[in-house]
Each structure stands twice: as structure tokens, then as C-alpha cells.
Amino acid sequence: MRQEEKAIAMPLVEAMLRYKSEDVYPLHTPGHKGGRGMQRLLRNELGASVQLDVSLMSELDDIHEPTSYIKEAQELAAQTYGSDACFMAVNGTSQAIHAMLLTALNPSEKLLLPRNAHRSVAGGLVLGGIEVTYMQPEFNADFGLMTQVTPQAVEQALLADSSIKAVLLTSPNYYGIAADVQAIAAICHAQGAVLLVDEAHGPHLGFSELLPPSALQCGADACAQSTHKILGAMTQCSLLHVQGKHLDLQRAADVMSILTTTSPNYLLMGSLDAARAQVQAYGREMAETAVIAAQKLRKLCRAHAGLRVLEEDDCGGLRLDTTKVIVSFAVWGYTGVEVGDALRKARIAVELVDAYNVLFLVTYADNTTDYTEMLARVEQVLCELEAHKRAPQQLLAAAHVPQTQAVLSLREVFYRKKQAVPLAQAVGKICGEQVSFYPPGIPVLLPGELVTEEIIAYCAAQKALGLPVSGPADSSLQTLRIIEN
């Protein structure tokens with residue numbers, strides 16, 4: 001069945017189209033007045049969509065106090081995913097993550113957090129004045145990447161510190177590996193803690209048994225989803241889902257209102273409404289299409305001797321979102337960075353590269369002749385790389401991230417004066433910014449932690465591999481910001 005044949009309500013989109021059809025002259029914002037005053041080149045590229053770039057008005061509802069179309073759209077999203085309340089996050093999943101934290105925790109309360117959490121979590125800790133206890137995820141030595149924290153690690157941490165009020169997981173992680181959310185949810189609730197899930201890479205989960213179950217299906221109290229990453233919403237569009245058994249739904253609404261712009265983009269909100277309608281009607285078919293498309297790429301890569309493709313059997317009993325295709329080139333002697341560059345020259349842009357791996361992100365949209373032609377170009381690149389392969393790389397046996405100690409809280413560091421110093425001169429100082437490399441994706445340094453000689457040596461070794469660094473103001477990491485005095 002074609003998607004346009006199944007009628008699914010899109011209350012906000014329908015209201016926007018109705019407003020457009022009435023041909024009202026806009027004596028209101030935005031200033032380009034339906035595209036009339038927009039720069040010509042951009043207007044021509046955007047086409048009729050600029051007429052849907054409308055302003056906040058009673059006819060189209062108010063995201064801060066929704067009573068009609070936005071309210072209906074959010075309620076339909078909650079019904080689709082099985083939450084008690086859903087909120088549109090037009091500032092991205094970072095906003096939704098901040099809102100989860102501020103809903104679940106009061107200032108000075110404690111969060112249990114995997115060390116490789118997304119950098120947006122640190123922003124939420126600063127905003128909320130939240131304390132944090134870290135735990136280390138497991139490490140997959142065959143691919144040189146982090147997997148997930150175990151239920152045992154979560155339980156041990158909660159039993160050791162009864163002051164922990166919430167646990168935050170990233171599931172699935174960037175590589176598509178899902179945590180045992182069901183077991184961890186049960187442990188959290190038995191210990192009086194709530195479970196929050198950064199499900200940025202999982203808005204398509206829960207609609208097909210071919211993929212891992214969703215966080216909500218597994219008992220999470222709240223989850224943040226990047227609807228734009230995997231589904232059909234526009235970039236920057238996300239959803240926050242909240243369950244009311246252990247969290248206050250009104251507080252979640254209040255927090256979202258604080259964090260949301262008073263001038264939300266209706267094109268973004270409309271695309272969220274449309275993406276929800278699409279997955280509500282065709283979620284199973286969309287998941288199956290993506291899995292089949294990914295399987296074609298997996299088969300192509302597996303046909304080349306030496307290449308390893310991450311499969312569910314490699315995940316230590318955890319579920320894998322197989323639409324994320326992770327391929328290790330270590331046996332051929334290439335870094336993921338080098339392979340990513342070779343693919344880009346063939347007009348193929350990948351989602352992520354690290355020291356050993358390339359991550360191809362496949363979705364339901366990859367079912368066209370363009371995708372088939374792209375597979376042929378991938379094959380050409382692989383044949384060329386295989387013809388000139390080198391001595392195999394030696395993979396790390398474990399995640400050798402140096403350990404350090406926190407001297408100041410994230411919030412304290414945020415308000416302290418900082419200065420940039422040459423990296424080697426930062427030894428013995430308090431770090432003023434976050435430093436991460438991929439892999440393994442675990443922050444080497446977080447704001448407030450002590451810089452050691454071992455950490456400086458580790459950073460130098462990672463830079464020599466050509467790995468991208470995330471977090472510091474100086475992306476070359478020649479300098480590091482430290483706390484003054």
C-alpha cells in the first residue's frame with residue numbers, strides 16, 4: 001500500500017495548509033512575508049514551503065500552552081509511542097535531554113551516568129546543578145568500541161549510593177547497540193530511582209520485532225528521541241516522552257516551556273507531526289524496508305575477505321539495530337577516517353568514522369534506484385582499498401582511557417574564569433572543558449577534572465591516529481582551557 005493511500009490525521013500540518021489556502025496577507029512576523037522579501041536564490045530553492053514558515057498565532061496554537069492543533073499532534077505522538085505525555089522539542093534532542101534531567105532531578109541531587117554519554121547531558125547537569133556519578137560501559141575489543149553498561153554495574157552503583165535519584169542510559173548507542181533497558185528499569189525502580197533514556201538513535205524502534213524494543217516498551221520513565229535522525233522529520237526535530245508513574249507530567253511541561261523558544265518554527269513542528277503520522281501508519285513496513293536495505297550493504301561488505309561487519313552475535317547478548325552497518329577495516333590496515341575519505345571522493349558520505357570502523361546509517365528511505373547505484377560505488381571503493389591493503393592494525397585490547405579525579409562540579413566550572421594554555425602546560429591544572437576522542441567515545445576529560453601526564457600522553461597518541469576530537473574550543477587540541485588560579 002502506498003503511503004498516500006492511508007489517511008492518518010496530521011492536525012498541525014492540516015491547520016498550516018488551511019492557513020496557507022486562505023491567502024491571508026501577513027502583517028505579522030516573519031519579516032520575509034511568506035517569501036516575498038526573501039533572498040531570491042534561497043526563495044527559489046525553498047519554493048512554496050516558505051509560505052508555511054508562519055508565525056505563532058491563535059489559529060495555529062501555542063506550543064507553550066497548547067489547546068488545539070499542537071496539543072492534538074502531541075497527544076497522537078504519545079499514543080503512537082505509548083507514553084503518558086509527549087512534547088515537541090524544536091531545539092533538538094539536546095533540549096529534550098535537558099528537560100528530562102530538570103524534570104527528574106532537583107539541584108544537588110545525583111545522577112548515575114555512563115561515561116560515554118552525549119555531551120548535551122553535561123549541559124543539563126550545569127543547568128540543573130545536578131551532581132553525577134559515572135560508570136564505565138563495556139568494551140568490544142574485536143571492533144574497538146564501547147557497548148553498554150550492564151544491569152549488574154547499575155545495580156552495584158545504586159546499592160553503593162542510595163542518594164542516586166536517577167539513571168540515564170544512551171540506548172541504542174551511536175553504533176546501534178541497545179542496553180538491557182528492561183532489566184535496568186526493574187533495578188532502578190526497585191532501588192527508588194527513575195530511568196531516563198537518551199534514545200536519540202531509536203525513534204524507529206518498537207514497530208517491528210526485527211529491531212530492538214523501544215525504551216518505553218522496556219519500562220523507561222522518559223526518553224528523548226531524534227525524530228530527524230532516522231525518521232522523516234526535518235533536522236533539529238525531536239520528541240520527549242514522559243511516563244507519569246514516577247515523574248510529574250506538569251513539571252515536564254513547565255520545564256519544556258522554559259527551554260523552548262517563544263518563536264518555534266512551524267515547518268519544524270509540522271514535520272514532526274507528519275513524521276509521527278508516517279511511522280504510525282507504516283512503522284512496521286518502514287522498519288522492514290530499512291533492515292532489508294541494510295542487509296544488502298552488509299552482504300556486500302562481508303563478501304570482501306577480512307572485513308568485519310558488526311552483527312548481533314558480536315554484542316554479548318545485547319540487541320543490535322541492524323540498520324546501523326558498522327564495518328571494521330583494521331585487518332586491511334586502514335583507519336575509519338581514511339576509508340571515510342575514500343568514500344567521500346566517490347560521492348558517498350557516511351555517518352561516523354573512528355580509528356577502525358566506518359558507520360553507514362541506513363533508513364527506510366534507502367529503497368530507491370539511487371541506493372542501488374550507491375552500492376555499486378561502495379563496491380568500487382572497497383575493491384580499490386582491498387587491492388592496496390596494508391599490514392593489519394593492532395586493536396586495543398581494552399578501553400585504555402586514563403582515570404582522573406573531579407575537583408570541581410560541572411556547574412562550578414561553568415561560572416569560573418578559564419584560560420587557554422599549551423596542552424603540555426595543563427598538567428596539574430583543573431580542566432575547564434570536555435575532551436573526547438572516537439573511539440572509544442568516552443570523555444578523556446570533563447570540566448572540573450584534574451589534568452595528568454598520563455592524560456596528556458593519551459591525547460597525543462589519539463591525535464597521532466588522526467581521530468577527531470570533540471569538546472574543546474581548540475579542535476586541534478594544541479591548547480586546553482583550564483580554570484584560572
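A contact here means heavy atoms within 4.5 Å. The model discussed is predicted.

Q: What radius of gyration does the protein have, and why does it agree with a compact globule?
A: The chain has 485 residues. A compact globule of that length would have a radius of gyration near 23 Å. The protein agrees, because its own value is 23 Å.

Q: What does the C-alpha trace span along its principal axes?
A: The fold holds 14 helices and 18 strands. Along the principal axes, its C-alpha trace spans about 65 × 55 × 50 Å.

Q: What percentage of the residues count as buried?
A: Buried means under 20% relative accessible area. The protein has 485 residues. By that cut-off, the buried part is 53%.

Q: How far apart do the centres of the positive and negative side chains lie?
A: There are 38 positive side chains and 52 negative ones.

Q: Which element supplies the largest share of the largest nonpolar core?
A: This core has 55 residues, and V154, L158, V167 and L195 are those with the most contacts inside it. Several elements each supply at least two residues, including α6 (151–160), β6 (164–170), β7 (194–198) and α10 (266–302). The largest share is nine residues, and it comes from α10.

Q: How many residues does the other core have?
A: Another core lies apart from the largest one. Among its members are A89, A99, L102 and L168. Its residue count is 33.

Q: Which residues does V154 touch, leaving out those up to four places away in sequence?
A: V154 is one of the residues with the most contacts inside the largest core. Another of that group, V167, is also touched by V154. With sequence neighbours up to four places away left out, V154 touches L112, M135, V149, V167, I184, I187 and C188.

Q: Does A342 count as buried, partly exposed or exposed, and why?
A: A342 is found in helix α11 (residues 336–345). Its relative accessibility is 22%. Buried would require under 20% and exposed over 50%, so the class in between applies. A342 therefore counts as partly exposed.

Q: Which residues does A342 touch, not counting those up to four places away in sequence?
A: A183 is 159 residues from A342 in sequence and 42 Å away in space, C-alpha to C-alpha. The residues that A342 touches are V381 and L385.

Terms used:
Residues numbered from 1 in each chain as written. Predicted model: local features only at pLDDT ≥ 70, side-chain atom pairs only at ≥ 80, totals over all residues. Heavy atoms only, no water. Helix = DSSP H or I, 4+ residues; strand = E, 2+ residues; numbered from the N terminus. Rg over C-alpha atoms; globule rule 2.2 N^0.38 Å. Buried < 20%, exposed > 50% of the residue type's maximum accessible area, 1.4 Å probe, protein only. Lys, Arg positive; Asp, Glu negative; His and termini not counted. Charge placed at Lys NZ, Arg CZ, Asp CG, Glu CD. Core = buried A, V, L, I, M, F, W, Y, C linked by side-chain atoms within 4.5 Å.
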